[in-house]
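Please follow this explanation alongside the sequence and the coordinates, beginning with a pair of helices and moving on to a single helix and its surroundings.

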Amino acid sequence: MSKFGLGRGLADLQQGMGTVPDISILTGAERVVVKQIPLAQIGANPDQPRKTFTESELADLAASIRERGVLQPILLRAVAGRPYLYEIVAGERRFRASKLAGLTEIPALVKQITPENAMEIALIENVQRENLNPIEESAAYKNIMEKCGYELSDVSRLIGKSESYIRNIMRLDSLPADVKQMVQQGTISASHARTIAVAENPTQLAHQIIDNKMSVADTEKMVRSAARKSTGRTYSPKTIDSATVREIESKLHGALGVPAKLRERRGGAGQIILEFATRTQMQDLVDKLVSQNK
């Protein structure tokens, strides 16, 4: 069984959506039908990794939608306690462009998806389509690690990139806001920014890079002689080490007979997730848990 709850039901979902990229990797056996959903009933996903949508790209897509309509449905999940009925899992750009084009509704697939799986799907969609700038990508990795309790290795398997790549990108999240803005505007490169992220005063070094038109190699030499931050370079939202997590998961598996996953968030909160393959196995698991409380 997939660790992330993704992978099953792909053929059914692709049949419903038509030709779809890699976002179509969801679980569940329920029938999924394309519906016309009013735009007024749809809200953006607060955990959407992509924060920047340029006016020009939205205008171009809006023009195409006016002429040809929305060719690929967006993906939604039903939500409660919000001022809207549905939250976007994938397709926010199409949603925004449809508004700009003057549409009142949009073709969509409504799927039962957990908040964690919604974050996974949104991250996969944006990373694989290379929609994110380096700052957005860095923040997205940090967000999913904190909220879902993932390790670097989990994110690596989820998106198909190496742990060293993710670790290097995540250095950018520690930068001051003004340096992040320089990266987003293209004033300095992500490679420059990753190099100065370990320094005590990255803002000052960023201005030196710009003023002196320094290469990445020159920047590396400068950083080696500059004061370093007292905090480490790696990011970890965990307080329980990996070996202990694996030991706890193994004990749960042995006691309950099903795979178990411990997800710890910052501050000590978290989840214990138990997986089952059949309804019979689910009932056996429920019986074991209930009997232990009697």
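Helices H4 and H5 cross in a left-handed sense, meaning that the near helix is turned anticlockwise from the far one by less than a right angle. This is a predicted model, in which local features need pLDDT of at least 70 and side-chain atom pairs count only at pLDDT 80 or more, while totals for chains, interfaces and linings use all residues. Residues are numbered from 1 along each chain as its sequence is written, and side-chain values use heavy atoms, with hydrogens and water left out.

The axes of H4 (residues 115-128) and H5 (residues 134-148) come within 11 Å and cross at roughly 160°, which makes H4 roughly antiparallel to H5, a label for angles over 145 degrees.

Helix H3 (residues 92-100) contains Arg 94, which counts as buried because its relative accessibility is 11%, where buried means under 20% relative accessible area with a 1.4 Å probe and protein chains only. Beyond its neighbours within four places in sequence, Arg 94 touches residues including Leu 61, Gln 72, Glu 125 and Arg 129. The buried residues of H3 are Glu 92, Arg 94, Phe 95, Ala 97 and Ser 98, and they pack against strands E2 (42-43), E3 (74-78), E4 (86-90) and E5 (105-110), as well as helices H2 (55-68) and H4; helices (H or I, at least four residues) and strands (E, at least two) are DSSP runs, numbered from the N terminus. Just after H3, Gly 102 adopts a positive phi of about 90°.

Key
Buried < 20%, exposed > 50% of the residue type's maximum accessible area, 1.4 Å probe, protein only. Contact = heavy atoms within 4.5 Å. Axes fitted to C-alpha atoms, helices over the stretch in contact; angles between N-to-C directions. Parallel < 35°, antiparallel > 145°, perpendicular 65-115°, else oblique.
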